Amino acid sequence: MSTLHTVNKSPFETSTLKSCLEHVSDGDTILLIEDGVYGAMAGSSMADLVTAKTKAVSIIALAPDMQARGIDEDRLIKGINTTDYAGFVDLAAKNDLSHAWL
Amino acid sequence: MAIREIKMSETVKKFLYVNRKAPYGTIYALESLEVVLIGAAFDQDVSLAFLDDGVFQLTKGQDTKEIGVKNFSPTYRALGDYEVTKLYVEKESLAERGLSADDLQELVWEDEDDDYAEKPSIRIIDRTEMAKLMANQDVVLSF
Amino acid sequence: MKFGILISEGPYTHQAADSALRFTKAAIKAGHEIDRVFFYHDGVNVGTRLSIPPQDERNLQQEWSALAKDHGVDLVICIAAAQRRGLLDENEAKRQGKDANNIADGFRISGLGQLIEMGILSDRLMTFGD
């Protein structure tokens, strides 16, 4: 059983991403969407916390939301991949459960 | 019966309602509770999770007279009668907010399999147990 | 897969209704089924036919109504949340003695039970909120 977690808020605005990171299980996926994509950026105060989790869970950023915000792929934390809406749908189908962190 | 109705009458899923927001400053706590109450009629396996600021929803002594909004905290006491008996409160979230179990309402349910003995609905669990609870659901509703 | 979609925030103020729209379209394109789209909290406001966004911006209500029309997607607005926020269909307006109704094509107002039903009958429930 694996869960797709979605986080849509910037980790500098709310503690939602932090809370999500504290409640994921090994093998889960976290998809950062909307303002959540800011949590994928390297060099931020959140980067270490996020990087530490990339071994246990798959962390992915939604590319359309990154592009909207002018975030290039090369600015992402190493180990974070990107996907599009088609990929988002695939992730939702592939994982047994969807958990939106609001 | 139509296929939808048949499937409805045969399916029991594990529903988890996730509450992470404080009451009154926003409507999420109230409208989440409204879903729980309506949902009770559907005979699913329901659990409620209270973590982060969601733990504030269950505190005692809420008096909303001076802000003019309805005090809906008494409604949590009715959950037992609706057979919603599993309210999981996260230990770390309480501690981070300087709260203890004593700050929370005493919510009970009557176990008809045990001579209607009153049992506590609030179960305080730690973060690891909360993560496990979340992982083992069929549907997660966040508000 | 059969997807249920829950939208918990209003149009334009939050990106939720946009993200949900794009997800839903991608799911349909991939051949999945949409059981229902349920609008709750401020999400009910997606269903007003009175909104006039700027000409050069997207019209969220129209895009959702088009999904209902073109793909038969069931758009359900929660009655309790709608009443609080003043989103009415013709029947509700008459019933409540209001002098107007404002629901858009393709949306229907119904009870919270429809959300639970969606949770029971869908394979995956996706929530788009704040």
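I took helices (H or I, at least four residues) and strands (E, at least two) as DSSP runs, numbered from the N terminus. This is a predicted model, in which I held local features to pLDDT of at least 70 and side-chain atom pairs to pLDDT 80 or more, while totals for chains, interfaces and linings use all residues. I number residues from 1 along each chain as its sequence is written, and I letter chains from A and number ligands from 1 in the order in which they are written.

**Chain C**

I read the pattern of chain C along the sequence as β-α-β-α-β-α-α-β-α-β. The radius of gyration of chain C is 14 Å, close to the 14 Å of the globule rule for 130 residues, so chain C is as compact as a globular protein of that length. I took that radius over C-alpha atoms, and the globule rule is 2.2 Å times the number of residues to the power 0.38. The C-alpha atoms of chain C fill a box of roughly 45 × 40 × 30 Å along the principal axes.

I called a residue buried if 20 or more other C-beta atoms lie within 10 Å of its own, exposed if 12 or fewer, and partly exposed in between, with C-beta atoms placed from the backbone. In chain C, 52% of the 130 residues are buried.

I counted two residues as in contact if their C-beta atoms, placed from the backbone, lie within 7 Å. For chain C, 75% of the contacts between residues at least 6 apart in sequence join residues at least 24 apart.

**Chain C against chain A**

I found 15 residues of chain C in contact with 11 residues of chain A. On the chain C side, helix H1 (16-29) and strand E5 (124-128) each supply at least two residues. H1(C) gives the most, with five residues. I sorted this side of chain C into seven nonpolar, five polar and three charged residues. Here Ala, Val, Leu, Ile, Met, Phe, Trp, Tyr, Cys and Pro count as nonpolar, Asp, Glu, Lys and Arg as charged, and the others, Gly among them, as polar.

**Chain B**

I counted five helices and seven strands in chain B. The radius of gyration of chain B is 16 Å, close to the 15 Å that the globule rule gives for 143 residues, so chain B is as compact as a globular protein of that length. Of these 143 residues, 34% count as buried.

I then looked up the contact between chains B and C, which takes 19 residues from chain B and 17 residues from chain C. The largest share of the chain B side, six residues, comes from H2(B). By class, that side has 10 nonpolar, four polar and five charged residues.

**Sheet in chain B**

I treated two strands as paired if DSSP finds at least two bridges between them. Chain B has an open sheet of five strands in the order E6-E3-E2-E1-E7, with parallel pairing. Strand E6 (122-125) and E7 of chain B stand at the edges with a single partner strand each, so one side of each is left without a neighbour in the sheet. Strand E3 (residues 87-90) of chain B pairs with E6(B) in the parallel sense over four bridges. I noted Val89(B) opposite Ile124(B) in E6(B).

H2(B) lies across strand E1 (14-19), strand E2 (45-50) and E7 of chain B, at about 165° to E1(B). For this angle, axes are lines fitted to C-alpha atoms, for helices over the stretch in contact, and angles run from 0 to 180 degrees between N-to-C directions.
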